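Me: Let's go through this one together. Start wherever you like, and keep it brisk.

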Amino acid sequence: MRRYIASYLLAALGGNSSPSVKDIKKILDSVGIEAGDDRLNKVISELNGKNIEDVIAQGIGKLASVPAGGAVAVSAAPGSAASAAGSAPAAAEEKKDEKKEESEESDDDMGFGLFD
């Protein structure tokens, strides 16, 4: 679906204020993508007659409400948070040991180091 929307936007930004199915198929065919008529017709019907700059501005506004940072997991029971925190260092140590072993093996397989 995104490739149909992107093709429509390319045609519209290229000066075609009302791209047709033929226009979008031509764009998609140029990069080796076969277009499905059902989805393509839906994209055209949804975007036809709309100002592309307004559609883009609305999309950016919607993206502004999407959280982009990492969130801290909140536990329902206070006791479970303490037990989870206690097991975290052990898991981290195991992962560290696995990474160390993998890096040593990969150096042995290659016969040389990256910075040697």
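**Working through the chain**

Reply: The loop between α2 and α3 holds Gly-36. Helices here are DSSP runs of H or I with at least four residues, strands are runs of E with at least two, and both are numbered from the N terminus. This is a predicted model, where local features need pLDDT of at least 70 and side-chain atom pairs need 80 or more, while totals for chains, interfaces and linings use all residues. Residues are numbered from 1 along each chain as its sequence is written, and side-chain values use heavy atoms, without hydrogens or water.

Me: How accessible is Gly-36?

Reply: Gly-36 is partly exposed, at 29% relative accessible area. The cut-offs are under 20% for buried and over 50% for exposed, with partly exposed in between (1.4 Å probe, protein chains only).

Me: How far is Gly-36 from Lys-25?

Reply: Their C-alpha atoms are 9.1 Å apart in space, and the two are eleven residues apart in sequence.

Me: Step back. How many helices and strands does the chain have?

Reply: Five helices and zero strands. Along the sequence that reads α-α-α-α-α.

Me: What share of the chain counts as buried?

Reply: 13% of the 116 residues. The chain exposes about 9,300 Å², and 56% of that comes from carbon and sulfur atoms. Those areas are Shrake-Rupley values with a 1.4 Å probe; for residues, only the protein chains shown count as cover.

Me: And contacts? What share comes from residues 24 or more positions apart?

Reply: 52% of the contacts with a separation of 6 or more. Contact means heavy atoms within 4.5 Å.

Me: Now the core. Which residues make up the largest nonpolar core?

Reply: There are eleven: Tyr-4, Tyr-8, Ala-12, Ile-24, Leu-28, Ala-35, Leu-40, Val-43, Ile-44, Leu-47 and Ile-52. Helices α1 (2-13), α2 (21-30) and α3 (37-47) each give two or more residues to this core. The biggest share comes from α3, with four residues. A nonpolar core is a set of buried Ala, Val, Leu, Ile, Met, Phe, Trp, Tyr and Cys residues, joined through side-chain atoms within 4.5 Å.

Me: Take Val-43. Buried or exposed?

Reply: Val-43 counts as buried, at 4% relative accessibility. Its place is in helix α3. Beyond four places in sequence, Val-43 is in contact with Met-1, Tyr-4, Ile-5 and Tyr-8. Val-43 and Tyr-8 are 35 residues apart along the chain, yet 8.0 Å separates their C-alpha atoms.

Me: What does Ile-52 touch?

Reply: Ile-52 touches Tyr-8, Leu-9, Ala-12 and Leu-13, leaving out residues up to four places away in sequence.

Me: Switching to charges. How many salt bridges?

Reply: The count is two. The rule asks for a side-chain nitrogen of Lys or Arg within 4 Å of a carboxyl oxygen of Asp or Glu. One joins the side chains of Lys-25 and Asp-37, at 2.7 Å, N to O. Lys-25 lies in helix α2 and Asp-37 in helix α3, so this pair ties together parts twelve residues apart in sequence. Lys-25 is partly exposed at 27% relative accessibility, and Asp-37 is partly exposed at 40%.

Me: Where does Glu-46 come in?

Reply: Its side chain meets that of Lys-42 in a salt bridge, at 3.6 Å, N to O. Lys-42 is partly exposed at 44% relative accessible area, as is Glu-46 at 43%.

Me: Last topic, the surface. Which residues form a nonpolar patch?

Reply: Leu-13, Ile-56 and Ile-60, with about 290 Å² of accessible area together. Patch residues have over 30% relative accessible area and no salt bridge; like charges are joined within 9 Å, and nonpolar side chains (Val, Leu, Ile, Met, Phe, Trp, Tyr) within 5 Å.

Me: Where is the place of Ile-56?

Reply: In helix α4, residues 52-64. Ile-56 is partly exposed, at 35% relative accessible area.
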